[in-house]
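Here's a quick walk through a few local features of this chain. Have the structure open and follow along.

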Amino acid sequence: MRPGLPSLEQLGTRWVVFTGGEPLMHSNLFALCQPLRARGIEVSILSTGLLFERYAAQIAEHVDSAIVSLDGPPELHDAIRHTPGGFDRIARGVAAIHAVCPEFAIAARTVVQRRNHRALTETAAAAQALGLASISYLAADLTSTAFNRAQPWPILRQNEIALAASDLAALDSQLEAVAANPFVVDSPAHLARIAQHFRAHLGLTAYTSPRCNAPWVSALMTADGQVQPCFFHPSVGRSSMPLTQVVTSPQAVAFREALDVATDPTCQRCVCSLYLSP
């Protein structure tokens, strides 16, 4: 393990994030939350929010917080998601959860891409109007096989999502505006990386890795039981054995010992980061 980082015993388990949830939430989701929270583990759901209204009572009772994907103000969000009425469903779901538990924390997460890069301030205003606690932004992942992609996007699809050189000035202006908004939780450095990511995709600058220690402090378990160091790196084992054994296995240890985040090509193209101080 990299010197200066906590051991598994020192770190413990801090939280679990469940992603997805549509068109149906897993039947055992809330039952699984109970033993996790009983051990002091925080549970969060990262979701499109389309099922919030249906499961409002269960979410408020069994989950600590939620993050909803928000791609823009109402019309733009629905167009990007190809879901007529989707924004209104999110609004009803947020209201339903807050009716059960007014202090329940729901944040917005916006993936920045060509269709919404001029509406980042409008998206923040829409999130506030929904009664959400905060908003954060990520650049669209253009080239990886993360997020259940069978293979990387073809160039045509990448170009549909990526910004053109003529879009960069508008993006810079929007990022400068949201950086001054206290409702936005991202640091100025994180927001600057969004612009840098799209410039690197255009060949205008080099890709640079974020500050990240995810493989040393966390693990990702997929629905089929694969355990990955993060969303972007490949599996180091399966959950057929205890998780502690997977993340301390020779394969996992060898991966961490060989990984140099600063120079690794996968890390250099990463759109997110996780850094926990020892």
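## Arginine 92 and its partner

Arginine 92 is partly exposed, with a relative accessible area of 42%. In this predicted model, its side chain forms a salt bridge with glutamate 53, and the closest N and O atoms sit 3.2 Å apart. The pair ties together distant parts of the chain: arginine 92 belongs to helix 5, while glutamate 53 is in the loop between strand 2 (42-47) and helix 3, 39 residues apart. Glutamate 53 comes out at 41% relative accessibility, so it counts as partly exposed too.

## Other salt bridges

How many salt bridges does the structure hold? There are eight. One of them joins the side chains of arginine 37 and aspartate 64, at 2.9 Å from N to O.

Buried or exposed: what about arginine 149? Its relative accessibility is 17%, under the 20% cut-off, so arginine 149 counts as buried. Its salt-bridge partner is aspartate 141, with the closest N and O atoms 3.1 Å apart. Aspartate 141 is buried at 6% relative accessibility. Then there's a network of salt bridges that links Arg114, Arg118 and Asp167.

## Where helix 4 meets helix 5

Back to the helix that carries arginine 92. Helix 5 (residues 86-100) packs against helix 4 (residues 74-81) at about 115 degrees, and their axes are 7 Å apart. Angles from 65 to 115 degrees count as roughly perpendicular, so that's the label for helix 4 and helix 5. On the helix 4 side, the contact uses Pro74, His77 and Asp78; helix 5 brings Gly86, Phe87 and Ile90. By class, that makes three nonpolar, two polar and one charged residues.

The loop between these two helices holds histidine 82. Most residues other than glycine have a negative phi. Histidine 82 isn't a glycine, yet its phi is positive, at about 55 degrees. With 67% relative accessibility, histidine 82 counts as exposed.

Strand 6 pairs with strand 7 (residues 226-228) over two bridges, and leucine 220 stands opposite glutamine 228 in strand 7.

Terms used. Residues numbered from 1 in each chain as written. Predicted model: local features only at pLDDT ≥ 70, side-chain atom pairs only at ≥ 80, totals over all residues. Heavy atoms only, no water. Axes fitted to C-alpha atoms, helices over the stretch in contact; angles between N-to-C directions. Helix = DSSP H or I, 4+ residues; strand = E, 2+ residues; numbered from the N terminus. Parallel < 35°, antiparallel > 145°, perpendicular 65-115°, else oblique. Contact = heavy atoms within 4.5 Å. Nonpolar A, V, L, I, M, F, W, Y, C, P; charged D, E, K, R; others polar. Buried < 20%, exposed > 50% of the residue type's maximum accessible area, 1.4 Å probe, protein only. Pairing = 2+ DSSP bridges. Salt bridge = Lys/Arg side-chain N within 4 Å of Asp/Glu carboxyl O.
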